[in-house]
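I opened this notebook to record what I looked up in the structure shown below. The entries follow the order in which I took up the topics.

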Amino acid sequence: MLESQLQNLAASAGERILAAASPEQLEAVRVEVLGRKGAIAEFSKGMGKLTAEDRARAGRLLNSVKNELEAALEARRKRFADEALQARLDAEWIDVTLPAPGPRPGTLHPLTQIQQELEDLFTSMGVAVLDGPEVESEYNNFDALNIPPDHPARDMQDTFWLGEGLCLRTHTSPVQVRGMAKLGPPLRMIAPGRVFRNEEVDASHEHTFYQLEGMMVDRDVSIANMLYFMKTLLSHVFGREVTVRLRPGYFPFVEPGFELDIQCLICGGAGCAVCKQSGWVELLPCGLVHPNVLRQGGIDPEQWGGFAFGLGLTRLVMMRYGIDDIRHLQGGDLRFLRQF
Amino acid sequence: MKFSYNWIHELVEGLEASPADLTRLITIKTAECEGVEAAGAHFAQVVAARILEVEAIPGSHNRRAVADAGPLGRRTVVCGAPNCRAGIVTAYVPAGVFLEGREIGRRVVDGVESDGMLASGSELGINRDHEGILELDAEPGVPLPHIVPDHIIEVDNKSLTHRPDLWGHYGMAREAAAITGKRLLDPVRLERIPPGAAAVKVTIEDFQLCPRYSALVFENVTVRPSPLWLQYRLEAIGLNSINNIVDVTNYVMAELAQPMHAFDADKLSGDTIFVRNAREGERITALNGEAYDLTAASLVIADGSGPIAIAGVIGGLDSAISDSTTRLVLESANFHAANIRRTSSRLKLRTDASMRFEKSQDPVNTARGLARAVELLEMVSPGIRLTGGMADLAAPARTPAPITLPMDWLMRKLGRPIESAEVRSILESLMFGVSETSPGVFSVSVPSWRATKDISIKDDLVEEIGRMVGYATITPTAPVVPTKPPPDNPRRRFHRAVRQAVAAQGFHEVYNYSFLSEEDVRRFGLAPADHVAVANPISVDQALLRRTLIPGIWKNIRENSKHFDQFRLFEVGVEIHKREGGLPDEVPHLAAAIYERTKEAGPFYEVKRLAECLMPGCEPRPGSARMFEHPFRAADIVWRGETVGRLFEFHPDFVEGRAVVLDVDLARMEALAPVEKRYQPVRRFPGSAFDLSVIAPRRALAGDLRKQLASFAGPQLESIVYLRQYEGSPLPDDAKSVSFRLTVAATDRTLSSEEVGATRDAIIEGMRGLGYEMRV
Ligand SMILES: [Zn+2]
C-alpha cells in the first residue's frame, strides 16, 4: 500500500521533472516534491505509524526514490544549464572577418631594410659599422683620398660645394680615413650612408643616393682576399652563388683599382637586355688601398695593406625589387613605400 | 673617347682580334669600353659614278640624273643637290644599302623612278658637308678611295683619367699590341725633323707651367679641304674636318695624344713666341668666336703684341689659319696639367686639347708630334716646305728613379704565384725597362708616357702585372684574420631600435632630401641665413641644407593626403646646423606624423602614445607654439628632466584636416636612454584602492593634478591612474571634474581601513589647501 503510493509519487514526480519547461518550473517541482514541506517529506512523516520492519523497508524505498528524483532533477538542471550556455554562445556569434581595430604595422624604407641586412651580415663577419657626416671637408672628401685639387678625377664626382672648404660628401669613402684614425690597424669596417652628386634627377639619376663603403686593413691583404670577400658578400646579397670578375678601373684612392662585375643574374652570362648582351653587370668599384690613403689614416703602408670597396645601396635596392624609377625612393609617396 | 678600329689595326702589326674581341680585351685589361659600333659599313657597297646627263623634272627642284656606275651599269636617280651636273664623279649608293639607319630604295620621286642615290659627304659620314654631293677623283665603279668600313670603339673617359697616353690611338694600339702579343708600329719618324737653327724664337717664363715648347715653321702652304680619307678618319671619331692644316693637327692629336696648334705666321708680330702668364686685363678672341678676359693665373702664348692663344686650351682667332695662309708656325707643347685644368674650368671652356693636357701629357711627345705632322702636311699640302729646324725649349728632362719591385711582395699583393720571367715579359711588353738587381727583386724604369703621373710606386706596377696576367687567374682566397666581435656602434643600434619601434606602431618610413628652398624655410619661420647654403645648387629650390625635418614631413603629409584619409609616416634623418669654422653639427632626429582628414579630436594622443612607447614616462609640457603649430596643441616633450623633442598638431593654415607630429632629438634621447634596472621586491600585501575627483579650472592640467595628488599621498602610494574627466552640469562653466584611482599599500602589512582612510583624508585635505574642491 505504502509502496504503491510511493511508486505513484515517484512516477508522477519523475514526469513533472521531465515536463518542467524552465529552471523555475523545475525548482517549483523540486520544492513540491523534495522541499521541506514537499511530498516526500509528508510521506516520511506518515512512516512513523509503521512497524519497525515496515519502516525500515519503506525507508530504503524512500531513499532510493529520493535519490532517483534528485538525479533526475540534476540531469534536468544540467540540461537547462547546457541549453543556457549554448544559447549564450550562440548569441555571441561574431563576424571574424571584420577588421581588427588599431593601426596596421608600418614599414621600414627599403633602403633601411637592405642597409640593416648588410650591417648584420658584416657584423657577423667581424666588421665594424661606422658613421660619417653628410657634410664633409673638401680635404676628407678628396685630398685625403689622393685626389688633390685640380686633379681631373674630381670631374668624376660632380660636387655640391658649401663654401669654407666644405662640401656634401660625394661618396662614403671619407669614412675610410675617419675609420683608420679611429680604429687603427688591423681593421675591418663598413660605412653605409647618404651621398650627394650634383646631377640632374631623372628615372635613373639622383643627386642623393646611398652607398656602403667597406675597408679591410691587415698585414697581408691581397687581391685574392678581396675577391673572396666580395664574392661571399655578393652571394649573400643576391641569395645565390654569384660569379664575379675584376677589370681595371681608375679611382685615385685605390691602387690597383677595379670595377667588379657580376655575371648577369638574368641570363646567366649568355647575354640579354639587362646586361646589354655582355653577360656581365657592373656592380661596384673596389681596389687595394692606395699607400697615400693609408698614410693619411696614420698607417704605415710598408707594414700594412688593405682593400676597399663602395657598394651602391640605391642600385642594389632597385635591382632587388625591380624598381624602375630611382625617384620613388625619396618621393615620400606611401603608395610606393607601403609595399615594403 | 672614340677609337677607330682601323686606325689601331694600322698601328699593330698583324692584329687579328676582331673589333668585338678587341673591345672586350680592352675592357678587361685596360679601360672600360662602352661599346663598339660598325661605322661606314655602307662603304663596302658605295661606288664612284660619273654623271652622264642631268635634266630638270618639271614642277620640282629635283633633277633626274643618269650616272655611269662602272660594272653596276647606268643608274637613274633623282637628285636635289645643286652641284649635280654632268661630268663629275660622285658617290653612288645602290638600293638596299643602309645609310644613317635608313634603307636606300628604288622608289618613285617626282614621277621618276630613282634607283639608289647620289650622296653628300654628310650622308655618307665622311664629313659634315650637306651642301652638295661628293665630287671625287676616281674611276666609275670603284669603291671610294681609301675609305673602308670601320668600327668605332667608345671608351669611357673616366677610365682614362690616369692614362694620358690613351688619349691617342697610338697609346691604345700599344695596349692592344701588349695584350695580343703583336708588334707595335711607330708611325713617327723623328728624322723628319731637320737639324738646324729654328726660324722662330721661343721664350718660356715659367718652365713649371710649360715644361716644353717645340715649334716648326712651314712655308709655301696651301690651305684647302683635306682629302676625303682624312676627313672620314676624323669624322668617324667625332672630330670635325676644318681644312687640311687644322685637320693634320687634329690627326696628330688623335693619334699621339699630343695637342698641336697652327698659327698663321704672317699674322704674328715679331719673331718670338712668348709663353707667359697673361697680364691682368688682357683679352683674347678665341677660335670659337668668344672673347675671354684673362687673368694672371692663365698661361698664354703671345707674340710681340699680345696673346695669340690660351695655352693648352684654344687658339686665337686673329692668328688662325685661313684660306690665304701661306706660312705657318706649328706649335707642339707641353703644359702643366693643373694649370690648364684651372684655366679651362674658370673659362668654362673644355677643349680636346685641355682635356688631354689636364691628364699630364708626356713632354717627350712634342717633338714626335711635329715629326708626324711634317709627314702628314707633305701629303695634304703638296709643295709645303720647312723653314729652319725645330725651335725646342724645355726644362731639364726629369728621369724618375726606377721602381724597386720585390717578387715576394708582388705575389703577396696579387695573392697568386707568378714566375719572374712572366713579370719581366709583361712589363717589357708595356715598354718598361726591367733589370733584376738581386734574386727576386726587379728594378723597373717607367716609360716617359707613363711617368708623368700614372706610375711612380710599386703598387702601380701591381696593376700592370695583374691586368695583363688576368685577374681571372687569381683564385678567391679567404683572408686569415682573427675572429672577434667587431667594435660596437651603439648609435646605430639605437637608431635601428627606434625605427623598429615606430614602424611597429604603424608608421611608414620615408626618406626626404637634405635640401630645402628659401621659401621652404621661410614658411616655417626660419631665416635662410641660418642655414648651410649650397654654393652651386641644381636649382634655387634646393639651395639650403635642412636644419629641421619638419618641412619635409609637411610635404609628405600634403602629398599623401591627396590619396589617403589617414596615414602614419616617419623619417629618421639628420638636421644640419651651421657652425662657425668647421663642420656643421649633424643632429639625428626622428619626425613621426599621423594625419587624419577628420575635423574631430584628431590623432594627438595617438602620437603622444608613440612618444610614451619610445620614452616611457615622458611628459608633454605645454609651451608657446611656433607659427606652424596649433597654438593650443603643442608641447615640449620632457624626459628624465630634459627637453628631448616636440609634440604638436599642425596649424590649420598648414594642413587641412589634422596632422600631429612628434619631433625628437635622437642624440639627446639616446643619451638619456640607458637606465640601470634594479629589482624591486613584489609587494606581498594587497593594496587598497579609492577614487578621488578634483574639481579644477577647465584648463588645469591633469598631469599637474595627478602630481599634486601623489605628493599628498606619501610613500604608501602604489599607483595613481587617471580615470576620466567631466564637464557640464552641475559644474560651473569654467570647471571640470577630473577623477583618479589611487592605490595605497605597505610592504610589511595589509593597511587597516583606518590607515587607508587617514591617507585619503590627508590627500583631500592637502588638495583643499591648494584651493581645489574635492568630490569624494
Ligand atoms: Zn644578361
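I began with A:P256, which I found in strand 8 (residues 254-263) of chain A; helices here are DSSP runs of H or I with at least four residues, strands are runs of E with at least two, and both are numbered from the N terminus. A cis peptide bond with omega of about -5 degrees joins A:E255 and A:P256.

Before going on, I noted that this is a predicted model, in which local features need pLDDT of at least 70 and side-chain atom pairs count only at pLDDT 80 or more, while totals for chains, interfaces and linings use all residues. Residues are numbered from 1 along each chain as its sequence is written, chains are lettered from A and ligands numbered from 1 in the order in which they are written, and side-chain values use heavy atoms, with hydrogens and water left out.

**Backbone of chain A.** I looked up the peptide bond from A:P185 to A:P186 and found it cis, with omega near -10 degrees. A:P186 lies in the loop between helix 7 (174-183) and strand 5 (187-196) of chain A. I then turned to phi: A:N146, not a glycine, has a positive value of about 70 degrees. I located A:N146 in the loop between helix 6 (138-141) and strand 3 (161-163) of chain A. A:K276 is not a glycine either, and its phi is positive at about 50 degrees. This residue sits in the loop between strand 8 and strand 9 (280-289) of chain A.

**Zinc site.** I listed the protein donors of the zinc ion as the SG atoms of A:C264, A:C267, A:C272 and A:C275, 2.2 to 2.3 Å from the ion. Donors are N, O and S atoms within 2.8 Å of the metal (3.2 Å for Na, K and Ca), and sites may look incomplete because water is not among the atoms. Along the chain the donors follow the spacing C-x2-C-x4-C-x2-C. The angles among the 4 donor atoms are 104 to 114 degrees, and the site is tetrahedral, a term that requires four donors with all angles between 85 and 135 degrees.

I compared accessibility, with buried meaning under 20% relative accessible area, exposed over 50% and partly exposed in between (1.4 Å probe, protein chains only). A:C275 is buried at 4%, whereas A:C267 is partly exposed at 21%. A:K276 is exposed at 73%.

I took contact to mean heavy atoms within 4.5 Å. Which residues does B:G315 contact, leaving aside its neighbours within four places in sequence? I found B:H261, B:A286, B:L287, B:I308 and B:A309. B:G315 belongs to strand 23 (residues 314-315) of chain B and is buried at 3%.

I placed B:A296 in the loop between strand 20 (291-293) and strand 21 (299-303) of chain B; this residue is partly exposed at 34%. B:A296 and B:R279 are 17 residues apart in sequence, yet their C-alpha atoms are 5.2 Å apart.

B:E235, in helix 5 (residues 228-236) of chain B, is buried at 18%. Leaving aside neighbours within four places in sequence, I recorded its contacts as B:G125, B:I126, B:N127 and B:R128.

Notes: Tetrahedral: all angles 85-135°; square planar, octahedral: opposite > 155°, others 65-115°.
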